[in-house]
Amino acid sequence: MNTYNNEFDDGIEVNLKELVVMLFHNTITILLVGALCAACAFLYSVLFITPMYQSTTQIYVTNDSGGTKTVGKISIDANDIQTSTYITKDYMIIIKSDPVLEQVISELHLDMSVAEMNEKISVSSPTDTRILNITVQDKNPMLAKKIADMVREVSKSHIKQVMGIEEVNTIEEGNVASIQTSPNKRLIAMAGFLVGVMVCAIVYIVIFIINDEIKTAEDIERKIGIAVMGVLPDEGRGKKLSFKKR
């Protein structure tokens with residue numbers, strides 16, 4: 001066995017050098033298959049995946065309890081800074097609570113369930129802040145803005161009532177998105193290309209491994225284990241006839 005051969009447990013022997021050469025010779029075909037898969041994936045994302053748009057609004061919540069210091073219109077408490085992370089999580093739960101979502105659906109006269117509304121909304125907070133980002137995703141960019149703004153206003157009222165907060169400030173109203181956030185057509189096309197290339201390459205490799213056709217004297221020695229004494233040209237078809245040592 002030469003240095004390029006790799007023998008499997010089941011007796012299948014693969015010449016790695018020949019395998020690499022085979023893949024190199026079929027590079028154009030492999031790339032074309034990848035490009036075709038990329039085009040199909042892109043068309044699928046355009047024709048069958050509903051484009052989604054998102055709108056984000058921001059609010060700032062202060063905890064107006066005893067021992068506060070007022071700076072402008074914002075009340076700052078030293079204890080709030082240490083517990084802001086926990087308080088912010090409470091706000092996030094309130095924003096996505098059923099009473100808030102039910103009121104939003106009612107106010108906007110939407111034909112959807114609370115669970116469906118919940119899936120459209122995500123709430124996040126930058127690290128170590130009491131700023132809340134309320135993001136809504138919908139196939140209609142205008143509706144996404146309306147829902148985001150309504151969730152903000154309804155949740156402000158509930159936060160004040162439940163948490164005893166006197167002031168919830170709006171930092172930024174929802175925007176009307178002009179660019180869809182999903183699907184990511186470029187990413188889908190790239191994934192389609194990679195899948196196509198991998199599948200095509202695997203097919204070539206499998207065909208190479210299971211192909212036991214003997215073409216050269218070296219194939220006879222490697223696959224059968226019989227030394228070749230000599231070869232004669234077949235003048236009729238330009239092939240070679242091998243004579244094996246008995």
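Analyst: Buried means under 20% relative accessible area, exposed means over 50%, and partly exposed lies in between (1.4 Å probe, protein chains only). The model is predicted, so local features need pLDDT of at least 70 and side-chain atom pairs pLDDT 80 or more, whereas totals for chains, interfaces and linings use all residues. Residues are numbered from 1 along each chain as its sequence is written, and side-chain values use heavy atoms, without hydrogens and water.

User: How many helices and strands does the protein have?

Analyst: The protein has 8 helices and 10 strands. These are DSSP runs numbered from the N terminus (helices H or I, at least four residues; strands E, at least two).

User: And what percentage of the residues is buried?

Analyst: Of the 246 residues in the protein, 30% are buried. The protein exposes about 16100 Å², and carbon and sulfur atoms supply 58% of that area. Accessible areas come from the Shrake-Rupley method with a 1.4 Å probe; for residues, only the protein chains shown count as cover.

User: Now the inside. Which residues have the most contacts in the largest nonpolar core?

Analyst: They are I59, V61, I95, M117, I121 and I159, in a core of 26 residues. Such a core is a set of buried Ala, Val, Leu, Ile, Met, Phe, Trp, Tyr and Cys residues joined through side-chain atoms within 4.5 Å.

User: Which elements give two or more residues to this core?

Analyst: Strands β3, β6 (121–124) and β7 (131–138) do, together with helices α3 (78–95), α4 (98–108) and α6 (141–163). Helix α6 gives the most, with 6 residues.

User: What is I159 in contact with?

Analyst: Leaving aside neighbours within four places in sequence, I159 is in contact with I59, V61, Y91, I94, I95, G164, I165 and V168. Contact here means heavy atoms within 4.5 Å.

User: Which residues make the nonpolar surface patch?

Analyst: F42, L43, Y44, V46, L47 and F48 make that patch, which covers about 640 Å². Patch residues have over 30% relative accessible area and no salt bridge; nonpolar side chains (Val, Leu, Ile, Met, Phe, Trp, Tyr) are joined within 5 Å, and like charges within 9 Å. L47 is placed in helix α2 (residues 27–47).

User: Why does L47 count as exposed?

Analyst: Because its relative accessibility is 61%.

User: Changing topic: how many salt bridges does the structure hold?

Analyst: The structure holds 5 salt bridges, each a side-chain nitrogen of Lys or Arg within 4 Å of a carboxyl oxygen of Asp or Glu. One of them is formed by K120 with D138, and the closest N and O atoms are 2.5 Å apart. This pair links distant parts of the chain, since K120 is in helix α5 (residues 114–120) and D138 in strand β7, 18 residues apart.

User: Is D138 buried or exposed?

Analyst: D138 counts as buried because its relative accessibility is 4%. K120 also counts as buried, at 19% relative accessibility.

User: What else does D138 touch?

Analyst: Not counting residues up to four places away in sequence, D138 touches M52, Y53, K120, L143 and A144.

User: Where does Y53 lie, then?

Analyst: Y53 lies in strand β3 (residues 53–61), and it is buried, with a relative accessible area of 18%. Beyond neighbours within four places in sequence, its contacts include V136, D138, P141, A144, I179 and T181. Y53 and L143 are 90 residues apart in sequence, and their C-alpha atoms are 9.5 Å apart in space.

User: What percentage of contacts in the protein between residues at least 6 apart joins residues at least 24 apart in sequence?

Analyst: It is 63% of those contacts.

User: Back to salt bridges. Which residue does R152 meet in a salt bridge of 2.8 Å?

Analyst: That residue is D149, with the distance taken from N to O. R152 and D149 are 3 residues apart in helix α6, which means that about one helical turn separates them. Both R152 and D149 are buried.
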